[in-house]
Structure formats: structure tokens, C-alpha cells
Amino acid sequence: MTSTARSIASQGAGCVLSMQGLSKSFGGVRAVSDVTFEVHAGKITALIGPNGAGKTTVFNLISNIFSYEGEVYFEGHSIKGRSPIQIAQMGLIRTFQSARVFPGMTVLENVLAGRHRLLTGSPLSQFFWGPSSRRQEADLRHRAEGLLDLVGLLNEKDTHAIDLPMGAQKLLEVVRALMSQPRLLCLDEPAAGLNDRETEDLAVLLRAVCESGIPILLVEHNMGLVMSVADHVVVLDAGAIIGSGPPSEIQRNEKVIQAYLGRENHAPA
Ligand SMILES: Nc1ncnc2c1ncn2[C@@H]1O[C@H](COP(=O)(O)OP(=O)(O)OP(=O)(O)O)[C@@H](O)[C@H]1O
């Protein structure tokens, strides 16, 4: 059996991302400890936990920003040792906790900057801007405007991205990630800084994205959002998984309630 066949055989059906025994220490701090779980096609999987539980570190390991112990398989292929850029080119796209918009660009230009994974044709043909490249650009622009419309930002398309309120910048980052047609979208606290209306828009967007065939791995502190959109919830505490299951089960899980109450923040409700 080849290593790819072995990795596929070791994962469940419909598995898009599989983490097996993921561990990472920073000096004496065990940030992630023997974490094993899967993200499945057609599902929104939420990764939750109190502050410092290791959620962002899991994202940083998946995207290979840090080396780690354990294995990560994306669509059946080991991605351990691949560069963050190679991983993004495979279609595993992530966002960051603090919005990272390109400050010198307009809102629309920011969204279009997410399109590079999709552009076909040699750099030379793009340089000479042949008819097929022009058509492709027009299609991408149309798509970008459609996505901006979905999150209520189309009227702001010519605004400098940096002039948007923080909540809108976070939505813009999600839209830019979508522009690359990810095969898996990993979102790190997309609702941070969003008001109630923007959070509702985000919930609608996430469900629509998932229904369009793009699975989501969601790190989020807003429990209302998690409980309303997630199909499956994985809970981390002090680097280790303390519970996993559907939202209704997680809300009743004693270990999870204690982990949150112990830190007096964001108890799932
Ligand atoms: N680059 C780093 N260097 C040293 N320690 C780190 C580093 N990144 C994370 N840590 C530590 O690892 C632990 C997990 O941090 P992480 O940011 O992954 O938690 P988190 O669950 O995302 O927290 P939050 O919800 O507050 O964002 C923390 O103790 C943190 O201080």
C-alpha cells in the first residue's frame, strides 16, 4: 500500500482534514497535546476552548507556520513539511485572528487579491493580457462583486479597505479567502469585532459557503454563532481535547462547562 493509500484508509469517509496526534510545545508550555480529530465534507466543524487553550496554535500547525509532532492529512495527502504557500495552493485557506487587509488597496482590490490560486495561463500571457485573460479577469471581478454583495459591502467596493470599521474588515477577509475557491476554509475568530447584525450576516454566509460545498473549520469565541452554525464541535482545554460532538451535546458536557466556568469566560450556552 502506498503512503497516500494508507493515509486515506486511516481516515473516515468524507474526511477532508485529519489531524493525528498533533503536539507542540513552546519552551515549557505544552500548547497542543496529542490532538486528533477530523473535518468532514459538507460540515462546519468548530474548534472552541477558553483563552490559551491552543486553538490558534492548531491552525498554525495545520498551515505549517510551526513544526510539530504528529501528522496532518489534507484530502488524503500528508501536508507535514509543506510550506504555508504550498498548503494554500492545495486549497487549504486560513484567515487570521486580527484582520489583515491590504491597506493601500480598495475593498474590491482586496477581494481580487485573493484570486491568485485561480488564475490560469502563464505569467507571460497574463502580462500581454490576451483575450482569455481579459475574460477571466471580468469573470473574477463579477464573482468578487457578488461575494461583496452577499456580506453587504458592495457599496463600499471603492473605499480604501483600511477605512472600513473593524467588523467590516473581518468580513472582507473572509470574502477574500472565499475568492480563492478554497477546498477547506479555516477561520480564526471571524466574529471578533462584529456587531450583532454583522454576526448574523456572517452566520448566513458561513452556512451558504458550507452548502456550496466548501467545508469550514471555525475557531470562535462567540458561542451563539458556534451553536447556531456548527455541525460538530471539538473542545480544547490546556492543549488537549476534552470533548467533541454535536452542539447540543457539548452544551451539556460537564467537563466543557467546568473548563469555561473555571476561567469565568464565554461558557457555552
Ligand atoms: N509563538 C508562541 N510562542 C510561545 N508561546 C506561544 C506561542 N503561540 C502560542 N503560545 C502559547 O500557547 C498556548 C496556546 O495559545 P493559543 O494562542 O494557541 O491559544 P488560543 O486557544 O488560540 O487562545 P485565544 O482564544 O486567547 O486566542 C498559550 O499558553 C500561548 O501563550
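1. Helices here are DSSP runs of H or I with at least four residues, strands are runs of E with at least two, and both are numbered from the N terminus. Angles run from 0 to 180 degrees between N-to-C directions, with axes fitted as lines to C-alpha atoms, for helices over the stretch in contact. Two residues are in contact if their C-beta atoms, placed from the backbone, lie within 7 Å.

2. The model is a predicted one, in which local features need pLDDT of at least 70, side-chain atom pairs count only at pLDDT 80 or more, and totals for chains, interfaces and linings use all residues. Residue numbers start from 1 along each chain as its sequence is written.

3. The protein chain contains 11 helices and 10 strands. It has 269 residues, of which 36% count as buried. Buried means that 20 or more other C-beta atoms lie within 10 Å of the residue's own; 12 or fewer make it exposed, anything in between partly exposed, with C-beta atoms placed from the backbone. Among contacts in the protein chain with a separation of 6 or more, 67% join residues 24 or more positions apart.

4. Strands β7 (residues 184-188) and β8 (residues 216-219) pair in the parallel sense over four bridges, and Asp 188 has Val 219 in β8 as its bridge partner. Two strands count as paired if DSSP finds at least two bridges between them.

5. Seven of the eight residues of α2 are buried, so the helix is largely enclosed by the rest of the structure. The buried residues are Lys 55, Thr 57, Val 58, Phe 59, Asn 60, Leu 61 and Ile 62. After α2 comes Asn 64, which has a positive phi, near 60°.

6. A second open sheet has four strands in the order β2-β1-β4-β5, paired antiparallel. Here β2 (29-40) and β5 (77-78) are at the edges with a single partner strand each, so one side of each is left without a neighbour in the sheet. Strand β1 (residues 15-26) runs antiparallel to β2 and is joined to it by eight bridges. Leu 22 stands opposite Val 35 in β2, and Lys 24 opposite Val 32. Two residues separate the strands in the hairpin of β1 and β2, where Gly 27 takes a positive phi near 55°.

7. Which residues are around the ligand? They are Phe 26, Val 29, Ala 31, Gly 49, Asn 51, Gly 52, Ala 53, Gly 54, Lys 55, Thr 56 and Thr 57. A residue is included if its C-beta atom, placed from the backbone, lies within 6 Å of the molecule. Both β2 and α2 supply at least two residues of this shell, and the largest share, three residues, comes from α2. By class, the shell has four nonpolar, six polar and one charged residues. Ala, Val, Leu, Ile, Met, Phe, Trp, Tyr, Cys and Pro count as nonpolar, Asp, Glu, Lys and Arg as charged, and the others, Gly among them, as polar.

8. Helix α7 (residues 166-179) packs against helix α8 (residues 196-211) at an angle of about 10°, with the axes 11 Å apart. That makes α7 roughly parallel to α8, a term for angles under 35 degrees. Gly 167, Leu 171, Val 174 and Leu 178 in α7 meet Glu 198, Leu 202, Leu 205 and Val 209 in α8. This contact of α7 with α8 has six nonpolar, one polar and one charged residues.

9. Asp 196 and Thr 45 are 151 residues apart in sequence, and their C-alpha atoms are 22 Å apart in space.

Key
Parallel < 35°, antiparallel > 145°, perpendicular 65-115°, else oblique.
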